[in-house]
Amino acid sequence: MDFVQEAVFLGVDVLVLGLCFREYYQLKKISKALKDAPQLAIDDTLTDRLRKSGNKINYGVIRGTVTPIGNPMHAVMSPSVTGVLQIMKLNEHRVARGFAGFWAEQRKLIHISCNEVPFKLASGKLGVEVVDGLSAEILDMDTVYDNYEPSSLSLFDHIFGFFSGVRQKGMQTTEEVLRDGSFITAVGELELDGDSVRLQPSTVAPMFLTTATKNTLVKKFEEAKNSMLFKVIVCGTISAVLVGLIAKKIYRRKKMEWEEQKLRDKLDKSRLQRRVQARQQVFSDEQRCVVCVDNPKEVICLPCGHVCLCENCAQKIKLNCPVCRSKIETKAAAFIT
């Protein structure tokens with residue numbers, strides 16, 4: 001095929017287009033859910049609003065102060081800091097050799113530890129309990145500890161790293177905490193359970209715990225959606241151009257085949273007319289083709305040796321000799337005088 005290169009490029013582009021379109025669809029879905037999500041105040045009207053909605057609002061927005069239910073947790077590396085959510089990470093910084101032979105810095109997560117205590121978002125004396133806060137897609141936390149320790153490599157480590165393609169640079173330990181007393185925006189499913197209200201992950205869109213406002217979140221996802229839409233348009237345009245090039249090449253090849261076939265048919269017809277004019281017009285029965293009984297015998301079947309076919313019938317009969325039914329291995333022109 002003369003369009004293999006375009007087909008490969010088209011396959012890659014269609015794959016990228018599919019990924020971009022899926023991301024665009026997700027961003028569009030989240031953006032619409034955020035726009036439609038009601039922003040509710042944590043006050044006495046919240047429970048009444050939930051009762052009117054069947055004890056549940058599938059996707060809503062609230063703002064309040066992070067307040068632990070019970071005792072807060074203390075940060076491991078900074079004990080003076082208290083909070084309700086904690087994430088500790090151990091990352092390895094290293095230099096690795098890529099396929100092109102160039103060395104590039106990489107970071108690999110070695111270990112992650114997550115802890116949480118029950119907490120609520122409070123406004124005055126009222127509050128909404130937050131369930132499974134660590135599963136939030138956007139989780140704004142404060143980094144209370146960040147320590148990088150460079151590696152001390154020996155000569156052997158440098159030599160081994162050169163041949164293995166990976167050389168360690170250092171280890172980084174970080175600790176992030178959602179402090180109690182932080183004022184945040186929470187987005188998720190609101191459910192009334194008796195007299196208490198809880199916010200939990202929703203099936204409509206992801207859960208967010210962020211310091212940004214609802215309008216800021218909507219703007220952020222709208223910008224990301226428009227950027228992804230631009231990528232979808234670019235990839236779609238490239239795919240359309242590649243499809244057009246492939247279709248053009250296929251059409252040219254088919255057109256050439258059609259023209260060649262038309263020329264062959266014309267030549268065959270002309271040759272047949274010349275052969276008919278050169279033949280004698282009167283044949284005996286023994287000289288006629290055993291299949292069509294019209295044209296003279298012109299072809300011999302091998303290896304049986306029967307001269308029994310005209311040129312037209314020889315093109316149609318390819319397996320067995322019509323006289324002895326033996327297998328035809330080849331044919332040849334026969335000149336009968």
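How many aromatic pairs does the structure hold? Two. A quick word before I go through them: this is a predicted model.

Start with Phe21 and Tyr24. Their ring centres are 6.4 Å apart. Their planes meet at 45°, so the pair is tilted. Where do these residues sit? Both are in helix H1, which covers residues 4-36. They are three residues apart there, so about one helical turn separates them. Now look at accessibility. Phe21 is partly exposed, with a relative accessible area of 47%. Tyr24 has 14% relative accessibility and counts as buried.

On to the other pair, Phe208 and Phe221. The centre-to-centre distance is 5.5 Å. The angle between the planes is 35°, and this pair is tilted too. Here the two residues are 13 apart, and the pair links distant parts of the chain. Phe208 belongs to strand E12, residues 208-210. Phe221 belongs to helix H4, residues 214-278. Are they buried or exposed? Both are buried.

Next, the cysteines. The cut-off for a disulfide is 2.5 Å between the sulfur atoms. Cys301 has 0% relative accessibility, so it counts as buried.

Now Cys304. Its closest cysteine sulfur belongs to Cys321, at 3.7 Å. That is also too far for a bond. Cys304 is partly exposed, with a relative accessible area of 29%.

Note on methods
Residues numbered from 1 in each chain as written. Predicted model: local features only at pLDDT ≥ 70, side-chain atom pairs only at ≥ 80, totals over all residues. Heavy atoms only, no water. Buried < 20%, exposed > 50% of the residue type's maximum accessible area, 1.4 Å probe, protein only. Phe/Tyr/Trp six-rings, centres within 6.5 Å; stacked < 30°, edge-to-face > 60°. Helix = DSSP H or I, 4+ residues; strand = E, 2+ residues; numbered from the N terminus.
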